[in-house]
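Dear colleague,

I am passing on the structure we spoke about, placed directly below, and after it you will find my notes on what was computed from its atoms. Please read them beside the structure itself.

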Amino acid sequence: MEQIILAAPGKIELRDVPVPEPGEGEVLVRVSSALTCGTDMKAYIRGHSLIPMPGPFGHEYSGVIAKAGKGVGVFKEGDSIMGVHSAPCQTCQYCKKGLENLCEKIMGQKVLGAFAEYILLPAPIVSQNLFHKPQNISFDEAALLEPFSCVIHPYSRLRLNEIDTAVVIGAGPIGLMHLAYMKTKGIKVIVSDYFDDRLAIAEKMGADRTVIPHNIAETIAEETDNTGADLIVECTGQIKAWENSLNFVRRGGTIVFFGGCPAGTLASHDTYRIHYDELTLLGSFHYTPQDVKDAYHILAYKLVDLSLLVTGKFLLKEIEKAFSLLKEGKGIKYALKP
Ligand SMILES: [Zn+2]
Ligand SMILES: [Zn+2]
């Protein structure tokens, strides 16, 4: 079968490898759609601590079960599925506290290699984080389950009844998914980005205001009677945006830091605001099985329309075209097809 290998930053290879055999509890999936993601982009450009190289590449997928191992229960050959690429161990100290997104083994047990004809899903994923794809959603939308599970993760820790106005900084795929989710909660959402075409998509997806970063402070002031937004969701992973976020939030408000910066990055924040204005600074990483279930239901019942996020399709062997477009800031996500 054809499989894409990320050999080193900037170096992608198409290899011919044997089709894997599913063992007990595992399933072999014939990939129908695999999506590019910001994490892939970081790995492609500068390397990534969670993506070993050389190694299989891609982690957002949907497809059809080609072969099911023994004891996989509800899944059988021919079933259309959607899933994520990791599952917690359920035995470590974090899992026992319900913090399964921080599971000590979650990154060791994850599976990469969605940019391939087939992907073998390990037993913990099959038993916890794999679902049947409903017919009413496309394989491309189904492949959004992984990033959308990440996106909804922080909201269970927020008091949504206190949020009237939110600001999303960065209208890439993640920022746009935050927008889509918050619109299902009736929140007024302001979206900021440098790229006009991204802001145009944000408008189509229901943004109440779109704004270039230069004008963000005055737009927020206008929309909130000068008090600041209830919630800021930082989705750029840029240190300036991390620092500026504190200037846009109201007293008692929350900033969700969603865009990860490289390890060792230091940000400086005004301690007066954090203390006397009682700000909540909230990091968000990955998802729990409950988040994946919730994300699945939102997608399956079409409570959000994320179809605009997939801005083009390529064959596996054309993968470098997709990444060069993303590097130029063109498009949101690309679907790769074997
Ligand atoms: Zn992803
Ligand atoms: Zn664990």
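Six strands form an open sheet with parallel pairing, in the order E11-E10-E9-E12-E13-E14, where helices (H or I, at least four residues) and strands (E, at least two) are DSSP runs numbered from the N terminus, and where two strands pair if DSSP finds at least two bridges between them. Strand E11 (209–211) and strand E14 (280–283) are the edge strands, each pairing on one side only, and neighbouring strands of the sheet are turned by 15 degrees against each other on average, direction ignored. Axes here are lines fitted to C-alpha atoms, for helices over the stretch in contact, and angles run from 0 to 180 degrees between N-to-C directions.

Please bear in mind that this is a predicted model, in which local features need pLDDT of at least 70 and side-chain atom pairs count only at pLDDT 80 or more, while totals for chains, interfaces and linings use all residues. Residues are numbered from 1 along each chain as its sequence is written, and chains are lettered from A and ligands numbered from 1 in the order in which they are written.

Within the parallel sheet, strand E10 (residues 188–192) pairs with E11 over three bridges, and Val191 stands opposite Thr210 in E11. Helix H8 (residues 216–223) lies across strand E9 (165–169), E10, E11 and strand E12 (229–234), and runs at about 170 degrees to E10; two residues are in contact if their C-beta atoms, placed from the backbone, lie within 7 Å. In the loop between H8 and E12 sits Asn226, which has a positive phi of about 65 degrees although it is not a glycine.

A second open sheet consists of three strands, paired antiparallel in the order E2-E1-E4, with strand E2 (11–16) and E4 at its edges, each pairing on one side only. Strand E1 (residues 2–8) is joined to E2 by six bridges, and Glu2 has Asp16 in E2 as its bridge partner. The loop between helix H1 (38–46) and strand E4 (55–56) contains Pro54, and the peptide bond from Met53 to Pro54 is cis, with omega near -5 degrees.

Turning to helix packing, helix H5 (residues 145–152) meets helix H11 (residues 289–300) at an angle of about 115 degrees, with the axes 8 Å apart. The two helices H5 and H11 are therefore roughly perpendicular to each other (angles under 35 degrees count as roughly parallel, over 145 as roughly antiparallel, 65 to 115 as roughly perpendicular and the rest as oblique). On the H5 side the contact involves Leu145, Phe148, Ser149 and Ile152, which meet Asp291, Val292, Asp294, Ala295, Tyr296 and Leu299 in H11.

H5 also packs against helix H6 (residues 173–184), at an angle of about 65 degrees and with the axes 9 Å apart. This contact is made by Pro147, Phe148, Val151 and Ile152 of H5 together with Pro173, Ile174, Met177, His178 and Tyr181 of H6.

As for the whole, the protein chain has twelve helices and 16 strands, and its C-alpha atoms fill a box of roughly 60 × 45 × 40 Å, taken along the principal axes.
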